[in-house]
Amino acid sequence: MVKTRAVIDEYDTYVPGRSKKEITDKYGIDADDILKLGSNENPWGASKKAQKAVAECAIEMNRYPESNHEYLKEKIAQYAGVRQNQVIVTGDGADELLDIIAKTLISEGDEFIVHPPTYTYYEYTFKLYNAKPVYARWDVETNTLDVDSVLDAITDKTKVIFLCTPNNPTGGLISHDDIVRIVEATDALVVVDEAYWEFAEVNNVDLLDKYDNVLLLRTFSKVMGLAGLRVGYGLASPELLEKISRIKPVFSVTVPSQKAVLATLDDKEYIEESTRKSIEEREYLYESVKAIDGLDIYASKSNYLLVDLHDSGYTAAEITEALMKRGVIVRDCTSFRDLDEYYMRISIETHPKNERFIEILKEVIDERRN
Ligand SMILES: Cc1ncc(COP(=O)(O)O)c(C=O)c1O
């Protein structure tokens, strides 16, 4: 057996949301009948303009993609309201950006701060570079960040601080003032993860002109409907991005990805519709779940919601299994640090599918009560 790095020998594989294929294989349920509320995707499909652009570029598949993609950065800069040299685009989604931030900044023994429960990929990625996680606190009850816990966690070894707003999986926001307090208290890079900012209709882009230790992390996987193509982007100071770009995979933003992003950004109507419908469906799910006896749900500014199962008679593992048998995928949150085994996350589906989900959820809850 070839000897692998010690960190790899002890590594736990990342647990993503379940796929439709898993459910089809396990329960024989037709893929079209599955309700997918597990991965915070856009359930209405990609922009028609993006679909057309991807189909049309099939002929270019034999050629390497443009690696510098200035026009792509320019288009994203216009959308985000920044300058082109404040943009970096990545090819395995925003997750790739996390990896290259770690590669650029982390030396063995450096620390990074996270506020569990939050997106687990930060830890998953940074630990690979032998960085040490230091835990601040997200108050689940109030669905807010305990800012002092972040400030208290800062040491001279802190290299990166992750702030997720809206926070995944709780859906709460971090206020602009709280972000400023943290940014001003440190020289470390503050990564403000705005993967879901469109659903919150607020963002922190103004910080970029005031502070050079801020990076906004964003993605085309959510409201933009391109999760399957894997495109992310970051907004930060040109000096930092120039350094990160030195080690960025050269061709990871593929030809179809580039075409799809350009077409989607041209489709303002699609972006507006997706945002509006997502918010409507989020509020529908919130009200509907709140009305079910035995379930509690947290208000959310994103396209997913955290459900508290403590009074339901189910653990998250049990209810996800019961729902899966009926063709529904939700996210068991047991793998999120600082959540016990009684939380699940649901993301939005189209309206008819959300209605069906609520019916199935009521049946499942009733089953335990009777
Ligand atoms: C909070 C947060 N940040 C970043 C990402 C990464 O998104 P992607 O790699 O699909 O761009 C996700 C994906 O679910 C997320 O939830």
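Q: Why is Asp338 called exposed in this predicted model?
A: Asp338 has 12 other C-beta atoms within 10 Å, and a residue counts as exposed if 12 or fewer lie within that distance, so Asp338 is exposed. Asp338 is placed in the loop between β14 and β15.

Q: What makes the phi of Asp338 worth a remark?
A: The phi of Asp338 is near 70°, which is a positive value in a residue other than glycine. Most residues other than glycine have a negative phi. His69 also has a positive phi, near 30°, and is likewise a residue other than glycine.

Q: Why is His69 called partly exposed?
A: His69, which sits in the loop between α3 (48–56) and α4, has 18 other C-beta atoms within 10 Å. The buried class needs 20 or more and the exposed class 12 or fewer, so with its count of 18 His69 is partly exposed.

Q: Is Tyr298 buried or exposed, and how do you know that?
A: Within 10 Å of Tyr298 there are 20 other C-beta atoms, and 20 or more is what the buried class requires, so Tyr298 is buried. Tyr298 belongs to the loop between β11 and β12, and its C-alpha atom is separated by 7.6 Å from that of Gly171, although the two residues are 127 residues apart along the chain.

Q: How do you know which class Ser107 belongs to?
A: Ser107 has 10 other C-beta atoms within 10 Å, and the exposed class takes 12 or fewer, so Ser107 is exposed.

Q: What makes strand β12 largely enclosed by the rest of the structure?
A: β12 covers residues 304–308, and four of these five residues are buried, so the strand is largely enclosed by the rest of the structure.

Q: How do you know that β12 pairs with both β11 and β15?
A: Two strands pair if at least two bridges are found between them. Two bridges join β12 to β11 (residues 296–297), and five bridges join β12 to β15 (residues 343–347), so β12 meets the requirement with each of these strands.

Q: Why are β11 and β14 called the edge strands of their sheet?
A: The open sheet has four strands in the order β11-β12-β15-β14, with antiparallel pairing. β11 and β14 (331–332) are its edge strands, as each pairs on one side only.

Q: Why is helix α4 called roughly parallel to helix α11?
A: The axes of α4 (residues 70–80) and α11 (residues 255–266) come within 10 Å and cross at roughly 30°. Angles under 35 degrees count as roughly parallel, which means that α4 is roughly parallel to α11. The crossing in which α4 passes α11 is left-handed.

Q: Which residues come nearest to the ligand, and which helix gives the most to the shell around it?
A: Of the 13 residues around the ligand, Gly93, Ala94, Ala195, Thr219 and Ser221 come nearest. Helix α5 (residues 93–105) gives the most to the shell, with three residues.

Terms used
Residues are numbered from 1 along each chain as its sequence is written. This is a predicted model: local features need pLDDT of at least 70, side-chain atom pairs count only at pLDDT 80 or more; totals for chains, interfaces and linings use all residues. A residue is near a molecule or strand if its C-beta atom, placed from the backbone, lies within 6 Å of it. Axes are lines fitted to C-alpha atoms, for helices over the stretch in contact, and angles run from 0 to 180 degrees between N-to-C directions. Angles under 35 degrees count as roughly parallel, over 145 as roughly antiparallel, 65 to 115 as roughly perpendicular and the rest as oblique. A crossing is left-handed if the near helix is turned anticlockwise from the far one by less than a right angle, and right-handed if clockwise.
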